[in-house]
Amino acid sequence: MVITALPNSRTEPDGSAVVRVLSYNIRSMRDDEDALARVIRACEPDLVFVQEAPRFFRWRKHAARLAAKSELVVLTGGATATGPLLLCSLRATVERTEDVLLPLTPGLHRRGFATAGVRIGGARVGVLSCHLSPQSNERYAQAGMLLDRLAAMDVPYAITAGDLNDRPTGRSFRRLSEQLQDCWAVAPWGGEYTSTPDDPHQRIDAIFATKGIEVLGCGVPLDLPGITRSDVRAATDHLPVLAALRVPAS
């Protein structure tokens, strides 16, 4: 299926919600913050799954500033999830949030999940932002913990997205795609590779959805109005992934 245009957000007459979902590793906002915000705004997302959000001094102020510049609000995460962060538009009604710390492997950075349950239109959905380990065995275990966390969220549908530090052929990526819909594989749109902006050659960032969610398109949004090559190169060291998903009414 070839997608020529990504659908805009909307609520259908039956209560189902078409939502725009963005996943973005922002490298702790160490690059061009204004370019980063312009890219996010141009994508017009309802939900943003952030990785490598600021984690240290005044990290909440940094997250709030990015949300304001992007015309969004902070949902949950940040330092309390060791980097994953969730932003959302005012279209989302928040039911609950929870930041989850994963087991620490000595000598490696601790990982976590930013999770929430939200309602958009008549749809109820769980969301989880992740950044998996660069170490193979730890990454594979974290992929299993991610699936367990989604199953425990007590929601009819769920979306997870993040920097997997793994390619589609890797065993951790495959562990997720065997149980969830890999949105790019289902309905490719835009570009495929997310790393690096100067030389895109690998897909290590992805958006996944549980069965029952309709994937309308997913990919790197390089040709959207308002997005320039100079901004995506200046914003951070990853390219964003944008998807349009139709979530059934609950």
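Guide: Let's go from the overall picture down to single residues.

Guide: This is a predicted model, so local features need pLDDT of at least 70, side-chain atom pairs count only at pLDDT 80 or more, and totals for chains, interfaces and linings use all residues. Residues are numbered from 1 along each chain as its sequence is written, and side-chain values use heavy atoms, with hydrogens and water left out.

Visitor: Okay, how many helices and strands are there?

Guide: There are six helices and 13 strands. Helices (H or I, at least four residues) and strands (E, at least two) are DSSP runs, numbered from the N terminus.

Visitor: And what is the radius of gyration?

Guide: The protein has 16 Å, which agrees with the value near 18 Å that a compact globule of 250 residues would have. The radius is taken over C-alpha atoms, and the globule rule is 2.2 Å times the number of residues to the power 0.38. Along the principal axes, the C-alpha atoms fill a box of roughly 50 × 40 × 35 Å.

Visitor: What share of the residues is buried?

Guide: Of the 250 residues, 56% count as buried. Buried means under 20% relative accessible area, exposed means over 50%, and partly exposed is in between (1.4 Å probe, protein chains only).

Visitor: What about contacts between residues at least 6 apart in sequence: what percentage join residues at least 24 apart?

Guide: That figure is 73%. A contact means heavy atoms within 4.5 Å.

Visitor: Let's zoom in. Is helix H1 mostly covered or uncovered?

Guide: H1 spans residues 33-43 and is mostly covered, with eight of its 11 residues buried. The buried ones are Glu33, Ala35, Leu36, Ala37, Val39, Ile40, Ala42 and Cys43.

Visitor: What do those buried residues of H1 pack against?

Guide: Their partners are strands S2 (17-25), S3 (47-51) and S13 (241-247), plus helices H2 (59-69) and H6 (229-235).

Visitor: Which residue caps the N-terminal end of H1?

Guide: Asp32 does, with a side-chain oxygen 3.1 Å from the backbone nitrogen of Asp34. H1 is followed by Glu44, whose phi is positive, near 50 degrees.

Visitor: Which residues does His201 contact, leaving aside neighbours within four places in sequence?

Guide: His201 is in contact with Arg167, Tyr193, Ser195 and Thr196. His201 lies in the loop between helix H5 (183-186) and strand S11 (205-209), and at 39% relative accessibility it counts as partly exposed. Its side chain also reaches the backbone oxygen of Asp199 at 2.7 Å.

Visitor: New topic: is Thr236 buried or exposed?

Guide: Thr236 is buried, with a relative accessible area of 3%. You'll find Thr236 in the loop between H6 and S13.

Visitor: What does the side chain of Thr236 reach?

Guide: The backbone oxygen of Asn25, at 2.9 Å. There is also a polar contact between the side chains of Thr236 and Asp237 (3.4 Å). A polar contact is a pair of N or O atoms within 3.5 Å; within protein, one must be able to donate a hydrogen and the other to accept it, and residues adjacent in sequence count only if both atoms are side-chain atoms.

Visitor: Last one: where is Glu138?

Guide: Glu138 is in helix H3 (residues 136-151), and it is buried, with a relative accessible area of 8%. Not counting residues up to four places away in sequence, Glu138 touches Pro103, Thr105, Leu108 and Ser133. Glu138 and Thr105 are 33 residues apart along the chain, with their C-alpha atoms separated by 7.9 Å.
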